[in-house]
Amino acid sequence: MTRLTIIVAATLTNGIGQNSRLPWRLSKEMAYFAKITSSAPDGSMNTVVMGRNTWESIPAKFKPLPRRLNIVISTNKQYELLPADATVPAAPVYLHSSLDTALARLSHPEKLEVLIHRSFIIGGASLYRDTLALLPTADSFVDRVLLTRILSPAFEQCDVYMPDFLSQQGSANGLPSWRRAAHAELQEWAGFEVPQGIQEEKGVKYEFQMWVR
Ligand code: FOL
């Protein structure tokens, strides 16, 4: 069983993007993303699984995301990854033409050249939707969401939204319901101190949350 963790920063109405990029630039929030997705015991690595639009949205100087196994999904079989920027420390990148084959590879560690610690789904909207719909009986399942809730301003100009995972609750669809973990549980899982309560950067208020099911 591959447990998957979604990591996302989203407004109160679930806005996550605007004009093919993040609607905000919050350096401490981004540092949290980088730290939590990179932290792995010696000799292992985490994976970051992303859709093609998300891959293209990452600045050239940060991709492939260093110290992580990058997996990019594009259903366009002609799609090619551009050669890596030589200034970025080499990190492995795999290109897959479906979520199924990407997840199958993750659940067969012998097919990977590195030892995997945790796997993160880093977006965008369609990958969040597809992975949230996986059933607990499948061999991959999203059991955790690291949500940075952007509280204000509203960022009403967003043009990409993540699915409202908290409203997809209940046993009707065969999925267990979500529970917000206490801050101590988030820190314990992260393995480092995470700022608690409402954070403010450049006039933007947000909060680090962890949800589990
Ligand atoms: N989750 C959270 N909490 N915040 C985000 O901004 C976020 N962004 C994405 C997915 N989940 C998220 C997708 N977008 C980079 C850029 C865009 C992006 C994800 C990552 C990026 O360049 N990351 C670098 C750090 C760059 C820096 O320090 O400014 C990295 O090494 O992770």
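Modeller: Helices here are DSSP runs of H or I with at least four residues, strands are DSSP runs of E with at least two, and both are numbered from the N terminus. The model is predicted. The part I take is strand E1, residues 2-11.

Start with burial. A residue counts as buried if 20 or more other C-beta atoms lie within 10 Å of its own. Eight of the 10 residues of E1 are buried, so the strand is largely enclosed by the rest of the structure.

Next come the partners of E1. Strand E7, residues 140-152, pairs with E1 in the parallel sense over 10 bridges. Within this pairing, Thr5 is opposite Arg144 of E7. Strand E6, residues 115-121, also runs parallel to E1, and three bridges join the two. There, Ile6 has Ile121 of E6 as its bridge partner.

Ile121 leads on to the nonpolar core. The largest core has 42 residues, and Ile121, Val8 and Val49 touch the most other members. E7 gives the most to this core, with six residues. Leaving out residues up to four places away in sequence, Ile121 touches Leu4, Ile6, Val49, Leu127, Tyr128, Thr131 and Val142.

The ligand has 19 residues around it, and Ala9, Ala34, Phe62, Ile122 and Thr148 are the closest. Two or more residues of this shell come from each of E1, helix H1 (27-38) and helix H2 (52-57). H1 gives the largest share, five residues. By type, the shell holds 14 nonpolar residues, four polar and one charged.

Most residues other than glycine have a negative phi, and most peptide bonds are trans. Ser20, in the loop between strand E2 (15-17) and H1, has a positive phi near 65°. With 12 C-beta neighbours inside 10 Å, Ser20 counts as exposed. Lys202 also has a positive phi, near 50°, and sits in the loop between strands E10 (199-201) and E11 (204-212). Lys202 has 9 C-beta neighbours inside 10 Å, so it counts as exposed.

Finally, there are cis peptide bonds. The bond from Lys63 to Pro64 is cis, with omega near -5°, and Pro64 is in the loop between H2 and strand E4 (68-73).

Note on methods: Residues are numbered from 1 along each chain as its sequence is written. This is a predicted model: local features need pLDDT of at least 70, side-chain atom pairs count only at pLDDT 80 or more; totals for chains, interfaces and linings use all residues. Two strands pair if DSSP finds at least two bridges between them. A residue is near a molecule or strand if its C-beta atom, placed from the backbone, lies within 6 Å of it. Ala, Val, Leu, Ile, Met, Phe, Trp, Tyr, Cys and Pro count as nonpolar, Asp, Glu, Lys and Arg as charged, and the others, Gly among them, as polar. A nonpolar core is a set of buried Ala, Val, Leu, Ile, Met, Phe, Trp, Tyr and Cys residues joined through C-beta atoms within 7 Å. Two residues are in contact if their C-beta atoms, placed from the backbone, lie within 7 Å.
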